[in-house]
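Hi everyone, thanks for making time.

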Amino acid sequence: MSYQAAGTARTASGSKLQSRRRILLRLGYFKPYLYLLPALVSIGFWIYKPLVQTFELSFYQWNLLPTSPKKFVGFDNFQHLFDLPDMGTALWNTVIYTVGVIPFSLLIPLIIAIATDNISKRARNVYRALIFLPMIMAPVAVSSVWRWIMHPTNGILNKLLATIFHPSEPIRFFTDEKWAIWSITFITGWKLIGFSTLIFSAAMTGINREYVEAARIDRASRFQIIWHIILPLLSPTILFMTMMSTLFASEWSFSYINVLTQGGPSNATTNIYYLLWTYGFQTFNIGASSAAAVVFFLGFGVLAFGFMKLTKKLSFFDN
């Protein structure tokens, strides 16, 4: 081989090597996105595809049968949405669930987290495990346990109330219109106490203890330390849990409504989520169900946006 041919071969080889390096470099830019691809595909398929389909179905009249044609009705489903029977009751019950769960998701967990902040590490781990236990229980199992406890004739709760207050008749917690919605609200809140307590306890571990020690040196009382130091530093967590409770309280109560009361008695426990499920999968009015879902999705989106703005405005961050 001549020197000229060898030089040409080395030049071609070097050119190929540089080209390969450029390709590998370009692929390197996409490498982080390739790691994210399975999660993005999963989110797109399981969350955003149904969301888009819900928006689409809100403009049609359909009964879910594959052989039945979809009839395009435009905005009719939205126009007749609030004329649907039980919509007003469901909306009002949704407000009751949202407000009624707040003491269980905010006040009680906050008090427990602050009160148990100074206990020993071993005792703290035991109480956290015990208080978190209801959160990992299946909603159907929780419903069965509370149905047994609150049974009108054989329940422990009614026997205890009869011993203390001597009522004229046992309380029908799930079949009396006055008691049913509060019973469901209580069970929903009871299950959330452990989760919220752990969130607040975790937030308290991030508080700089030097602030508390400095306040004690200045002879600040326990109440003053909580009011002026702990609560302001917990404000981002408090606002976050308020947003979570407001947005999801009604959704979290769905399982207990479905198992314990089926929306009754006389729709006394029906909320907006149970009503959407009823329209969609019992009466097969998919258009009305989808239109209601779209309206409340947008409504809750506005609420979430408002909470995020409020969090930036009211939260105190220790920088």
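Just so you know, what you're looking at is a predicted model.

Let's take α3, which runs over residues 87–115. How far apart are its end C-alpha atoms? They sit 42 Å apart, and because 29 residues at 1.5 Å each should span 42 Å, the two agree. There is still a bend in there, mind you: α3 has a kink of about 30 degrees at Val101, shortly before the proline Pro103.

Now put α9, residues 222–252, beside that. If a helix of 31 residues were straight, it would span 45 Å at 1.5 Å a residue, but α9 covers only 35 Å between its end C-alpha atoms. Where is the kink in α9? Look at Ser235, shortly before the proline Pro236: the kink there is about 55 degrees.

Next up, aromatic rings. How many aromatic pairs does the structure hold? There are 16. One of them is Phe75 with Phe78, a tilted pair, with 6.0 Å from centre to centre and 50 degrees between the planes. Phe75 has a relative accessible area of 54%, so it counts as exposed.

Then there's Phe104 with Phe186. Their ring centres are 5.8 Å apart and their planes make an angle of 75 degrees; over 60 counts as edge-to-face, so that's what we call this pair. What I like here is that the pair links distant parts of the chain: Phe104 belongs to α3, while Phe186 is in α7, residues 177–205, and the two are 82 residues apart.

Phe186, at 31% relative accessibility, counts as partly exposed. Both rings also belong to one aromatic cluster, made up of Phe104, Trp146, Phe186 and Trp190.

While we're on rings, have a look at Trp62. Lys70 lies over its face, at 4.9 Å from the ring centre.

The structure holds two cavities of 30 Å³ or more, and the largest cavity has about 50 Å³ of space. Which residues line the largest cavity? Among them are Ile114, Asp117, Met204, Arg216 and Ile230.

The largest pocket has about 810 Å³ of space. It's lined by 27 residues, and the closest to its centre are Thr54, Tyr273, Leu276, Ala293 and Phe297. The elements giving two or more residues to this lining are α1 (3–57), α9, α11 (272–281) and α12 (286–314). Which element gives the most? That would be α12, with ten residues.

Last stop, the loop between α6 and α7, where you'll find Ser168. With a relative accessible area of 82%, Ser168 is exposed.

Methods:
Residues are numbered from 1 along each chain as its sequence is written. This is a predicted model: local features need pLDDT of at least 70, side-chain atom pairs count only at pLDDT 80 or more; totals for chains, interfaces and linings use all residues. Side-chain values use heavy atoms; hydrogens and water are left out. Helices (H or I, at least four residues) and strands (E, at least two) are DSSP runs, numbered from the N terminus. The expected span of a helix is 1.5 Å times one less than its number of residues. The bend at a residue is the angle between axes fitted to the seven residues ending there and the seven starting there. Rings of Phe, Tyr and Trp (its six-membered ring) pair if their centres lie within 6.5 Å; planes under 30 degrees apart count as stacked, over 60 as edge-to-face and the rest as tilted. Buried means under 20% relative accessible area, exposed over 50%, partly exposed in between (1.4 Å probe, protein chains only). A charge sits over a ring if NZ of Lys or CZ of Arg is within 6 Å of the ring centre and within 35 degrees of the ring normal. On a 1 Å grid over the protein atoms alone, a cavity is a set of points where a 1.4 Å probe fits but cannot get out, and a pocket is an open set with protein on both sides within 12 Å along at least five of seven lines; lining residues have an atom within 4 Å of a point. Grid points are joined across faces, edges and corners, and a volume is the space filled by probe spheres set on the points.
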